[in-house]
Amino acid sequence: MSEQHKEYLISLKKYHRKIKFFRFLVFAIFLILWETAANLNWIDAFFFSSPSRIVGSVFSMGKTGELFTHIGYTLAETVLSFFFVMLLSVVCASLLWFSKSMAAIFEPTLVILNSLPKSALAPLFIVWLGTGMKTIIVAGISVAIFGSIISLYTQFHQTNPEMEKLILTLGGNKWDIYRRIVIPFSIPTLINSMKVNIGLSLVGVVIGEFLAARRGLGYLIIYGTQVFKLDMVISSIIILCIIAYGLYFGIQKLEKCVNMDV
Amino acid sequence: MEPYISLQGVSFSYHRPDGEIEALSDISFTVSKGEFVSLVGPSGCGKSTILSILAGLNAAEAGTITINGDVSFGYMFQQDLLLPYNTIWKNISLGPAIHKSLNSETKKRLEELLYKYGLSQFKDKFPGQLSGGMRQRAALIRTLALNPDTLLLDEPFSALDYQTRLLVADDIGKIIRQENKTAILVTHDLSEAISLSDKIIVLSGRPSRVVKIMDINIPCKEKGSLAVRKHPAFGEYFQILWKEMNPPDERTA
C-alpha cells in the first residue's frame with residue numbers, strides 16, 4: 001500500500017468519525033435545549049413534555065409491562081400486514097405479468113385504488129371487520145398494497161425482450177422466463193419495495209389503531225391525547241420512530257445478505 | 001445433394017396498430033448440411049426475421065420452409081445475454097437445465113467445451129468478470145450445450161469492438177467448423193460474411209428480397225477467418241459483392 005493511499009484511508013476514517021460526532025452533537029444539543037426550555041418554563045412541559053418526563057413515562061409504563069404489550073401489538077400487526085402486502089403484491093404482479101389482458105383490464109382499477117387516500121377506507125373496515133387485530137392488519141395492507149403491485153408489475157414488464165427470446169430459443173416456456181429472468185432481475189426492485197412497504201404498513205397500522213384499537217402505540221397516542229397525558233403521546237411517537245428505524249434497518253441487513261450472494 | 005434446409009417464397013410482415021411493416025418478400029434459398037451461409041444486407045432489412053422464423057419464434061405468412069430430417073436449432077444473439085447473477089457454469093448449462101437434461105453426461109460435455117475453448121478456470125466466475133470476447137465464447141458454449149446441428153447467428157459479433165470482433169469471429173468460426181455444425185449468420189458486415197462463409201445471400205433493403213446468391217471458394221477456410229481475410233481472393237469477392245449491395249444508380253439517386 002502506498003503512502004498516499006494510507007493517507008487517504010486515514011482521512012476517510014477521520015471524516016466518518018467527524019460525521020458521527022456531529023450527528024451525536026446535534027442530537028445532544030437538541031435534548032439539552034428541550035430539557036432546559038422545559039425546566040426554565042420557556043415552553044410548557046405539560047404540552048411539550050421533556051426528555052426527563054419522557055424517560056419517566058417510559059419507565060412507569062414499562063414497569064407494569066403495559067408498554068411492551070402495546071409495542072408488541074403494533075410490531076406484530078405491522079410485520080403481519082407487511083408480510084401479506086409482499087405476498088399479495090408478488091402474486092398479483094405475477095398474474096398480471098402472465099396475462100396481458102388481465103393487466104390491461106385491471107390497470108385503471110389499480111391506478112384509482114392507488115391514488116385513493118387509503119385512510120378513507122379505514123372506517124369501512126371497522127364496520128365490515130369489527131375492531132380487532134384483523135381490521136388493523138387490513139388497514140395496514142390497504143395503504144401499501146396497490147402501489148406495491150404497480151411498481152412490481154412495472155418492473156416485471158421491463159425485462160429485456162432479448163432475454164425472453166433467449167429462453168424461448170433454448171426451449172423454455174413462459175414459466176421458465178418468469179423463474180429464470182423476470183424474478184432474478186426484479187430482486188433489487190423487490191427489496192426497494194420492501195423498504196417502502198414496511199414504512200407504509202406501519203402508517204396503516206397506526207391509522208387503524210387510532211380508529212379501532214384497545215392496544216398498540218396508535219391507541220396510546222389517541223388515548224394519551226384524550227386524557228392529556230402528553231408525555232405518553234410523545235413517548236409513543238418516539239418509540240414509533242425507533243420501531244420504524246429498526247424495521248428499515250432489518251430490511252437493509254437482508255439486502256446486504258442478498259447482494260453478497262450475487 | 002438434397003438441401004438440408006430450404007426456403008421457398010417466404011414472406012413476412014409485422015403488424016402494429018399504426019400499420020403493417022413488410023419485412024420479407026419472396027425469400028428463397030437453400031442450405032446444405034455443414035454449410036456456413038451468411039445473409040448480408042443493410043441494417044433493419046429483416047434479416048433477423050429469417051432466423052426467428054427458422055427458430056419457430058415467428059411463423060411465415062406465405063411460402064414454405066422444408067427441413068430435411070431432424071434439425072435442432074441453436075440461436076446466438078448480438079449481445080451475449082449471459083445472466084449477470086449466475087456463474088458461467090450456470091449460464092452455459094441453462095439449456096440443459098430448462099430441458100431437465102443436466103445429467104453427468106451433459107455435464108461432462110460442458111466441461112469439455114469449457115476446456116477446449118479456454119474457459120475452464122472461469123467457470124465459477126460471474127459474467128461481469130470476463131472480457132467481451134470471453135463472454136461471447138461462453139454464450140456460444142451455452143448454445144452448443146444442447147448440441148444443435150444448426151446454429152442461427154444473429155449478428156453475434158457486432159456488439160464487440162473491432163479488434164475483439166475479428167478475433168472472436170475467427171475463434172467462433174473455427175469452433176463451428178470443428179464441431180461440424182451448419183450455420184446461418186446474419187450480418188451487415190460484408191467482410192465478416194466473406195471471411196466466414198461458404199455461401200453468401202445478399203438481401204435488399206426493406207422489404208428484403210434476395211438480390212444475389214454467391215458461393216465463396218477461398219481455399220484456406222479451415223485456417224479461420226483471419227487467414228481468409230489475407231487471401232487475394234477475399235478482395236475480389238468483396239468487390240463483386242460490394243457492387244451487388246450498392247448498385248451505382250442507387251448511390252447517385
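**Reading the model**

Modeller: Helices (H or I, at least four residues) and strands (E, at least two) are DSSP runs, numbered from the N terminus. This is a predicted model: local features need pLDDT of at least 70, and side-chain atom pairs count only at pLDDT 80 or more, while totals for chains, interfaces and linings use all residues. Residues are numbered from 1 along each chain as its sequence is written, and chains are lettered from A and ligands numbered from 1 in the order in which they are written.

Colleague: What is the mean pLDDT of chain A, and what does chain B average?

Modeller: Chain A has a mean of 92, with 99% of its residues at 70 or more. Chain B averages 86, and 96% of the residues score at least 70. Among the elements of chain B, the lowest mean, 57, belongs to helix α10 (residues 248-252) of chain B, and the highest, 93, to helix α2 (residues 88-92) of chain B. For the complex, the predictor gives an ipTM of 0.86 and a pTM of 0.84.

Colleague: How many residues of chain B are in contact with chain A?

Modeller: Two residues are in contact if their C-beta atoms, placed from the backbone, lie within 7 Å. On that basis, 12 residues of chain B touch 12 residues of chain A. Helix α3 (residues 94-98) of chain B gives the most to the side of chain B that touches chain A, namely three residues. That side has nine nonpolar, three polar and no charged residues. For these classes, Ala, Val, Leu, Ile, Met, Phe, Trp, Tyr, Cys and Pro count as nonpolar, Asp, Glu, Lys and Arg as charged, and the others, Gly among them, as polar.

Colleague: Into which domains is chain A divided?

Modeller: Domain bounds come from an automatic or database domain assignment. Chain A is divided into domain 1 (3-43) and domain 2 (54-261). The C-alpha centres of domain 1 of chain A and domain 2 of chain A lie 33 Å apart.

Colleague: Now helix packing. At what angle do helix α9 (residues 174-212) of chain A and helix α10 (residues 217-226) of chain A pack?

Modeller: Axes are lines fitted to C-alpha atoms, for helices over the stretch in contact, and angles run from 0 to 180 degrees between N-to-C directions. For α9(A) and α10(A) the angle is about 45°, and the axes are 7 Å apart. α9(A) is therefore oblique to α10(A). Angles under 35 degrees count as roughly parallel, over 145 as roughly antiparallel, 65 to 115 as roughly perpendicular and the rest as oblique. α9(A) passes α10(A) in a right-handed crossing. A crossing is left-handed if the near helix is turned anticlockwise from the far one by less than a right angle, and right-handed if clockwise.

Colleague: Which residues make that contact?

Modeller: From α9(A) come Val205(A), Val206(A), Gly208(A), Glu209(A) and Phe210(A), and from α10(A) Leu217(A), Gly218(A), Tyr219(A) and Ile222(A). They divide into six nonpolar, two polar and one charged.

Colleague: How does helix α6 (residues 122-129) of chain A pack with α9(A)?

Modeller: The angle is about 60°, with the axes 10 Å apart. The two helices are therefore oblique to each other, and the crossing of α6(A) and α9(A) is right-handed. Ala122(A), Pro123(A) and Ile126(A) of α6(A) meet Ile207(A), Gly208(A), Leu211(A) and Ala212(A) of α9(A).

Colleague: Which peptide bond is cis?

Modeller: The bond from Arg206(B) to Pro207(B) is cis, with omega near -5°. Pro207(B) sits in the loop between β8 (199-203) and β9 (210-215) of chain B.

Technical notes
pLDDT is the predictor's confidence in each residue, from 0 to 100.
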